[in-house]
Amino acid sequence: MLKKLKLSHLLAFALAAIAAIMSVTIGSSWEPVTAQNQSQVQKQAQKPAEAPVQIISLQNAGLQLQEVAQGVYALIASTDLPPVPAPTIAIANGGIVIGSENVLVIDPFQSSDLAELLISTVKSLTDKPIKYVLNTHYHFDHTGGNVAFVKRGIPVIGRSVIREYIQSGKNNTAGVTPPTVIVNSQTDLWLGDRQVRIERVDGHSAGTDLVAYVPDVKVLFTGDMVFNKRIPWTGDSEIRQWQGSLYRLIATFPDAKVVPGHGDVTDVTGLQAQQAYFSWLERTALEWKAQILTKEQVLEKFAKVPDAYKDYKFKGLYPLNLESAYEQFTRSKIIPLIP
Ligand SMILES: [Zn+2]
């Protein structure tokens with residue numbers, strides 16, 4: 001009961017924060033593309049005479065296509081938060097893994113517009129078909145584009161209670177099309193002769209986190225286990241589980257190129273930086289506990305993002321990090337290390 005209360009309290013805070021951000025900063029821009037702004041976007045897309053006919057370009061979507069290894073691509077989103085951007089500007093990163101026979105797509109962004117852009121990007125790289133889509137977790141900025149694949153009959157893979165979360169509209173996922181294949185343990189996908197290993201991790205998204213590893217080129221797609229040079233979203237995270245998963249990823253994949261859920265492509269140093277951020281947050285929270293500070297005092301006294309993280313994006317999420325750290329580190333909350 002106590003845990004339920006705390007979780008519902010956290011969730012309410014997170015939703016209130018999102019609602020506040022959205023009402024102040026985006027108004028109706030989270031709605032589907034209007035005729036007016038669609039024509040603006042189309043005009044922008046039509047600027048180069050030879051541009052293909054599509055509603056948005058990678059550039060307009062704030063995405064950069066990078067070949068991380070032979071046949072393995074990352075689409076890196078550069079936008080900052082808040083405000084939450086329009087559905088045509090990507091918040092999270094996506095991935096493309098091309099095998100000898102077919103293709104895996106990872107995290108099709110937050111809208112069908114961006115998913116269509118992802119599909120056209122795959123077509124520009126290969127004529128092999130997309131065989132699977134992977135959701136690294138349920139959050140809307142990684143799953144909103146599922147609809148474009150499900151309507152084409154392409155399986156979308158997710159973990160555990162991801163369908164239930166999305167079907168209940170948890171954390172702004174109302175209207176998102178849920179995955180059609182559920183995996184709960186380590187799973188190998190074969191794209192012809194190329195293997196992609198899907199592994200379970202925990203801590204970011206209440207039991208739906210997965211990572212994907214391409215062994216032949218040592219590329220690891222971490223989903224939101226890594227926010228590279230960004231303040232992480234902790235709205236429904238268990239930070240101690242997240243720390244445990246980071247320890248395991250660092251030990252298991254010390255040589256990997258790392259494609260994070262948010263931020264630039266990195267390597268083990270990106271995993272270590274995420275780990276260091278949480279270690280710092282934990283140490284800080286234990287100081288609050290020693291000083292017997294209330295949560296309200298913490299939110300007021302420590303509102304400024306420390307200098308060490310002043311270059312990070314997503315600073316609007318920082319108060320939520322304080323809240324999560326207070327709840328999870330100062331109150332001796334008992335959490336299961338394995339959910
Ligand atoms: Zn997330």
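The model I am reading is a predicted one. Leu134 belongs to strand E5, residues 130-134, which pairs with strand E6, residues 156-159, in the parallel sense over two bridges.

**Entry 1: the whole protein.** I looked up the overall content and found ten helices and twelve strands. Of the 339 residues in the protein, 45% are buried. I also checked the contacts between residues at least 6 apart in sequence, and 66% of them join residues at least 24 apart.

**Entry 2: the sheet that holds E5 and E6.** I traced an open sheet of seven strands in the order E1-E2-E3-E4-E5-E6-E7, with mixed pairing. Its edge strands are E1 (63-69) and E7 (181-183), each of which pairs on one side only. From one strand to the next, the twist averages 25°. I then asked which strands helix H3 lies across. Helix H3, residues 112-125, lies across E1, E2 (72-77), E3 (94-98), E4 (103-106) and E5, and runs at about 30° to E3.

**Entry 3: the five-stranded sheet.** I followed another open sheet, ordered E8-E9-E10-E11-E12, and its pairing is mixed. Here the edge strands are E8 (187-191) and E12, and each pairs on one side only. Ignoring direction, neighbouring strands of this sheet are turned by 25° against each other on average. E8 and E9 run antiparallel and are joined by five bridges. Within this pair, Trp190 has Gln195 in E9 as its bridge partner. Helix H8, residues 268-290, packs on the sheet and touches E11 and E12, its direction making about 20° with that of E11.

As a reminder to myself, strands of a sheet pair through backbone hydrogen bonds, either parallel or antiparallel.

**Entry 4: strand E11 and its partners.** I compared the two sides of E11 in turn. Strand E10 (residues 210-214) runs antiparallel to E11 and is joined to it by three bridges. Val214 has Val219 in E11 as its bridge partner. E10 and E11 form a hairpin with four residues between them, and Lys218 in the turn has a positive phi of about 55°. Strand E12 (residues 257-262) runs parallel to E11, with five bridges between them. Phe221 is bridged to Val259 in E12. E11, helix H7 (residues 239-252) and E12 together make a right-handed β-α-β unit.

How many residues of E11 are buried? I found nine of the nine residues in 219-227 buried, so E11 is largely enclosed by the rest of the structure.

**Entry 5: Glu199.** I located Glu199 in strand E9, residues 194-200. Is Glu199 buried or partly exposed? It is partly exposed, because 19 other C-beta atoms lie within 10 Å, and a buried residue needs 20 or more. Leaving aside neighbours within four places in sequence, Glu199 is in contact with Gln186, Leu210, Val211 and Tyr213. I also noted the C-alpha to C-alpha distance from Glu199 to Thr222, which is 9.7 Å across a separation of 23 residues in sequence.

**Entry 6: helix H10.** I checked the length of H10, residues 318-329. Its twelve residues reach 16 Å from the first C-alpha to the last, close to the 16 Å expected at 1.5 Å a residue. Nine of the twelve residues are buried, so H10 is largely enclosed by the rest of the structure. Among the buried residues of H10 I listed Leu320, Asn321, Glu323, Tyr326 and Phe329.

Methods
Residues are numbered from 1 along each chain as its sequence is written. This is a predicted model: local features need pLDDT of at least 70, side-chain atom pairs count only at pLDDT 80 or more; totals for chains, interfaces and linings use all residues. Two strands pair if DSSP finds at least two bridges between them. Axes are lines fitted to C-alpha atoms, for helices over the stretch in contact, and angles run from 0 to 180 degrees between N-to-C directions. Two residues are in contact if their C-beta atoms, placed from the backbone, lie within 7 Å. A crossover is right-handed if, with the strands pointing away from the viewer, the path from the first strand over the helix to the second runs clockwise. The expected span of a helix is 1.5 Å times one less than its number of residues.
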